[in-house]
Amino acid sequence: MKSATEMPTPAPSKPDPLRWVKENLFNGIWNSLLTIITLLVIFFVAKNALNWALTEARWDVIPANFRLLMVGPYPQESLWRVWAGVMLINLLAGLHLGNSNRERVSPDLRNTWIALVVITVVYSALQFSAPSAKFLPAVLVVLTVAFFVGRRLNPISTLGWTIAWVIGFGVFLLLIGGNFGGGPITSDLWGGLLLTFLLAVVSIVASFPLGILLAIGRKSKLPVVSGFCVVFIEVVRGVPLIAVLFMAQLFLPLFLPDVRIDKVLRAMVAFTIFSAAYLAEYLRGGLQAVPRGQDEAARAMGLTGTQTMLLIVLPQALRAVVPAIVGQFISLFKDTSLVAIIGLTDMLGVANSITANSNYIGLSKEVYIGITLIYLCFTIPMARASRAVEARLNASKR
């Protein structure tokens with residue numbers, strides 16, 4: 001029975017849009033004037049942009065050059081290798097997502113799936129006469145079927161998925177560059193989104209453990225180790241990425257004169273070094289955020305310094321800097337466009353070659369808007385995945 005002093009909980013008030021607008025946008029003369037001016041500017045900008053996009057822009061330049069934007073100068077007769085590799089990656093992705101979402105499907109994943117369906121339908125409508133218009137729906141079907149198969153599998157450990165992804169990515173590299181049918185396809189024929197994807201994935205995967213080692217080494221009590229890590233991090237962070245790219249292109253052959261290192265591998269080394277230095281600095285902040293009592297409690301339980309770092313301190317530090325780490329990975333994915341300066345034909349390099357073509361002069365806006373949308377198709381899911389991982393870690397922490 002409720003006591004006389006206990007008050008009933010008030011029912012939550014329904015949102016009132018008109019009241020919100022009045023209190024936040026028209027709550028004074030100056031705010032009202034600023035709101036009206038802002039709305040007028042937005043109206044005229046949107047009107048002109050839509051008028052250009054719907055009546056003046058020549059969007060046919062994107063479908064006409066879509067293969068170049070995707071794979072660059074990769075041989076037409078060997079495109080089945082790329083599609084086979086894409087099928088394999090989507091098979092693994094679907095199984096992994098399904099196995100990781102056996103209980104329920106998160107809203108972020110459901111929205112991403114809907115976006116994939118919309119993109120597939122739009123692309124297939126624009127490219128109905130191209131062979132790739134038949135492959136892309138097949139890729140989505142493989143991803144969907146693998147997802148539901150993965151939900152029915154027994155839970156697979158993180159180590160198991162790591163091994164599966166390493167093997168799968170190795171097979172992917174063999175498919176696109178190995179000796180099949182027409183012979184090996186060298187990396188100088190890789191381009192477009194394919195090259196961007198390879199540069200980003202290899203650099204992200206390689207820079208993560210290197211950044212952890214640098215962050216731990218910076219806290220080492222050995223002066224040689226900590227001094228080397230400090231110098232490495234500060235020097236790399238003190239120069240622009242394009243300088244690191246040029247140094248990797250020029251100096252790596254000097255260090256290994258008897259080994260042929262192609263441009264793509266040199267670019268991967270440069271991106272890995274640059275990203276690892278920033279990751280190490282983010283992790284250093286995360287390590288400092290872990291209370292000293294955690295280390296002392298672990299030592300009191302008999303754990304060694306290495307065990308304390310790997311089992312107690314490092315997981316908490318990684319949890320604290322998940323947004324910064326994913327932000328660095330997104331930045332690295334976008335920064336791969338700088339390889340166009342050193343002669344590699346990533347998406348930006350292909351876009352530059354398209355706008356230089358006499359048939360497409362004056363269509364640079366359409367081309368660059370097109371590659372912007374392609375980048376967004378990758379960076380937005382990465383950002384949403386970051387928020388999902390952060391929410392899951394916070395939930396497990398509670």
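## Chain overview and helix packing

The chain exposes about 23800 Å², and carbon and sulfur atoms supply 69% of that area. The model is predicted. Its secondary structure consists of 17 helices and 0 strands. Of the 398 residues in the chain, 35% are buried. Among contacts between residues at least 6 apart in sequence, 76% join residues at least 24 apart.

| Helix pair | Residues | Axis distance | Angle |
|---|---|---|---|
| α12 and α14 | 263–289 and 305–320 | 8 Å apart | about 110° |
| α14 and α15 | α15: 322–335 | within 5 Å | roughly 65° |

For the pair α12 and α14, the angle is about 110°. That makes α12 roughly perpendicular to α14, because angles of 65 to 115 degrees fall in that class. The crossing of α12 past α14 is right-handed. On the α12 side the contact involves L283, G286 and L287, which meet M309, V313, L314, A317 and L318 of α14. Sorted by class, this contact has 7 nonpolar residues, 1 polar residue and no charged residues.

The axes of α14 and α15 cross at roughly 65° and come within 5 Å. Here α14 contributes L318, R319 and A320, while α15 contributes V322, P323 and I325. By class, the contact of α14 with α15 has 5 nonpolar, no polar and 1 charged residues.

L318 of α14 takes part in the contact with α12 and also in the contact with α15.

Conventions
Residues are numbered from 1 along each chain as its sequence is written. This is a predicted model: local features need pLDDT of at least 70, side-chain atom pairs count only at pLDDT 80 or more; totals for chains, interfaces and linings use all residues. Side-chain values use heavy atoms; hydrogens and water are left out. Axes are lines fitted to C-alpha atoms, for helices over the stretch in contact, and angles run from 0 to 180 degrees between N-to-C directions. Helices (H or I, at least four residues) and strands (E, at least two) are DSSP runs, numbered from the N terminus. Angles under 35 degrees count as roughly parallel, over 145 as roughly antiparallel, 65 to 115 as roughly perpendicular and the rest as oblique. A crossing is left-handed if the near helix is turned anticlockwise from the far one by less than a right angle, and right-handed if clockwise. Contact means heavy atoms within 4.5 Å. Ala, Val, Leu, Ile, Met, Phe, Trp, Tyr, Cys and Pro count as nonpolar, Asp, Glu, Lys and Arg as charged, and the others, Gly among them, as polar. Buried means under 20% relative accessible area, exposed over 50%, partly exposed in between (1.4 Å probe, protein chains only). Accessible areas come from the Shrake-Rupley method with a 1.4 Å probe; for residues, only the protein chains shown count as cover.
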